[in-house]
Amino acid sequence: MGGGVRRVVLDESVLFGCEDPSGKASLLPAAEYLFRKLRHSTIPTGISHRHDLAAQKASLLQGVAAQYSFDCFVLDASSTDDALNEIQLAWGDIGGSILYLVSYNNDALLPKLRTRDWLIVILDLLGKNERMVCTISILVHNAKGVDGGPAGGDSSMFYINKVEELPLTIFRLNKKGISNNVVTVGYIMKPSREEDFSKRGAFPMYPSQNGLIFIPLSFALPISSQLQEVDVVLHKATDEIMSIELNSSSELPNKITYTRGMQELGMYMERHPDICLIDPFNNIDPVVDRLKIQQILLGLEDINKPGCCKIRGPHFLKVDNFNEPNLVQSLSESKLSLPSIIKPQVACGVADAHSMAIVFRVEDFKDLSVPLPAVIQEYVDHSSTLFKFYVLGEKVFYAVKKSTPNAGTLKKLCEKNGLKPLIFDSLKSLPTGKEKQDLKDQSIDIKLVTDVANRLRRVLDLTIFGFDVVIQEGSGDHVIVDLNYLPSFKEVPDNVAIPAFWDAIKEKCESSKKKPMTNPN
């Protein structure tokens, strides 16, 4: 099987569910899962069906193929040669094997495919082949050189019990068939985030240019079986937060409750410290707490030098109650004036973490709908220009974006509403300013911000993170107004960002191997 799995063909038999009372066919939910995983895997994929398939089903498959940029072929025992020629013309010959997923052992078709060095994976949903079933654990043993074939000693035929096992099967076969020098990366994040990364080519199932293979992890399968050959686990744990209980002391970690699947992953990682985790759950604690972020930014003061641009966090005040009698005095002592922006202390992972407000008058703090505890943050006039910085390992990138207007413009926009608080969700759009953007890229001190990025990387001990910088009009202060973990860095061109992303993962893996292991017991 030299060269690994380079093409995948999905037979109709693994894609359709039961027909409805009117006889209309529909796809299995698991089929949709498979389409999403294969779409951006760098492994070209085709859908096959027999020549006499009902017109409605054939049309549905052709539509799916077009939607996901797959090919669609007629393939059965009576048309094997024609189909193989069509596949050859569509895909060419770049080495490796074609993997064919089907739900039954077709004695007329499969032997012909195997003579062409196809790998056959049979989805055994009903356990009909129980005597011969080759589970993922057997694949693991074979990849490690244990004697015995996947199905009765046949190294070209495998059995799986769930569609969700196919990406893992491809991963095992590729690692076995290509090289032992590749670094295998298992990743877990919410589907929309995974799609954002995948469509940029970030998660190839075939080795990247620096030798990484990616495998999507699924909580629908036992986590231990998926991680047995994984070198690195990349996660966005904040996607899996159930609740956050803030600690009254900023010196102590917050109590974060994750989903059951993420808890199981965490426990597995504790028992297997040889696997590199990007990044340890404890390291993420500060980025879910805006107060901790602000306190970390206070530590940047010593990086500033007389006569040079100053970099800092915004002035801030933590409040537990918007009706505090001394609020005006507290605002003054914290160097805060109005308007100010109010953010929940919890920065991510819960539904209302992005519910914010801009307040123009002190009296409007009363009964403000922003969740408590909250952080009142300086609103910085910045000519509607935001600099988004991304840290990928030792590399730092940035992009320039339009931002909210200066305070004066914002007040004029809100006067028609009686200057009532501007309530918004920071994940959605806000008004952008029309001020002339006099600030050019070179007006930002890139070296200063890069030095700060490297300082934050060491302090936070995070591999991939981002932060936003605005330049205050008048003072020229560089103010860090936000910080987040594992951003999409979508403003950085793919041909620059994705190789840097891969390098950051590999460098982290290599550096973790140099650290002395601690005994989990």
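## Helix α2 and its surroundings

The buried residues of helix α2 are K57, A58, L61, V64 and A65, where buried means under 20% relative accessible area, exposed over 50% and partly exposed in between, with a 1.4 Å probe and protein chains only. Seen down the axis of α2, these buried residues fall within an arc of 125°, so they line one face of the helix; the arc is that of the directions from the helix axis to the C-beta atoms. The face turned away from the buried side carries the exposed residues A55 and A66. Cover for the buried residues of α2 includes α1 (29-39), β2 (45-49) and β3 (71-74).

Helix α2 spans residues 55-67, and at 1.5 Å a residue its 13 residues should span 18 Å, which agrees with end C-alpha atoms that are 18 Å apart; the expected span is 1.5 Å times one less than the number of residues. S69, which follows α2, has a positive phi, near 60°.

## Basis of the model

This is a predicted model, in which local features need pLDDT of at least 70 and side-chain atom pairs count only at pLDDT 80 or more, while totals for chains, interfaces and linings use all residues. Residues are numbered from 1 along each chain as its sequence is written, and side-chain values use heavy atoms, with hydrogens and water left out.

## Overall architecture

The protein chain comes to 15 helices and 22 strands, these being DSSP runs numbered from the N terminus, with helices (H or I) of at least four residues and strands (E) of at least two. Of its 521 residues, 53% count as buried. Among contacts (heavy atoms within 4.5 Å) between residues at least 6 apart in sequence, 71% join residues at least 24 apart.

## Nonpolar cores

In soluble globular proteins, nonpolar side chains tend to be buried together. A nonpolar core is here a set of buried Ala, Val, Leu, Ile, Met, Phe, Trp, Tyr and Cys residues joined through side-chain atoms within 4.5 Å. The largest such core has 80 residues, of which L234, L265, L456, F467, F489 and F501 touch the most other members. Its largest share, 8 residues, comes from helix α15 (residues 494-514). Apart from this core lies another, of 34 residues, among them L15, F16, A25 and A31.

Leaving aside residues up to four places away in sequence, F501 touches F197, A202, F203, F214, L234, L392, I464 and F489.

## Salt bridges

The whole structure holds 23 salt bridges, each a side-chain nitrogen of Lys or Arg within 4 Å of a carboxyl oxygen of Asp or Glu. In one of them E229 meets R172 at 3.7 Å, N to O. E229 lies in the loop between α8 (223-227) and β9 (232-235) and R172 in helix α6 (residues 166-177), so the pair ties together parts that are 57 residues apart in sequence. E229 is buried at a relative accessible area of 10%, and R172 is buried at 2%.

D468 forms a salt bridge with K388, the closest N and O atoms being 3.0 Å apart; the pair links strand β21 (residues 464-471) with strand β18, 80 residues apart, and both D468 and K388 are buried.

## Backbone features

A cis peptide bond, with omega about 0°, joins I278 and D279, and D279 is found in the loop between β12 (276-278) and α10 (281-284). The peptide bond from L372 to P373 is also cis, with omega near -10°. S384, a residue other than glycine, has a positive phi near 60° and is buried, with a relative accessible area of 0%.
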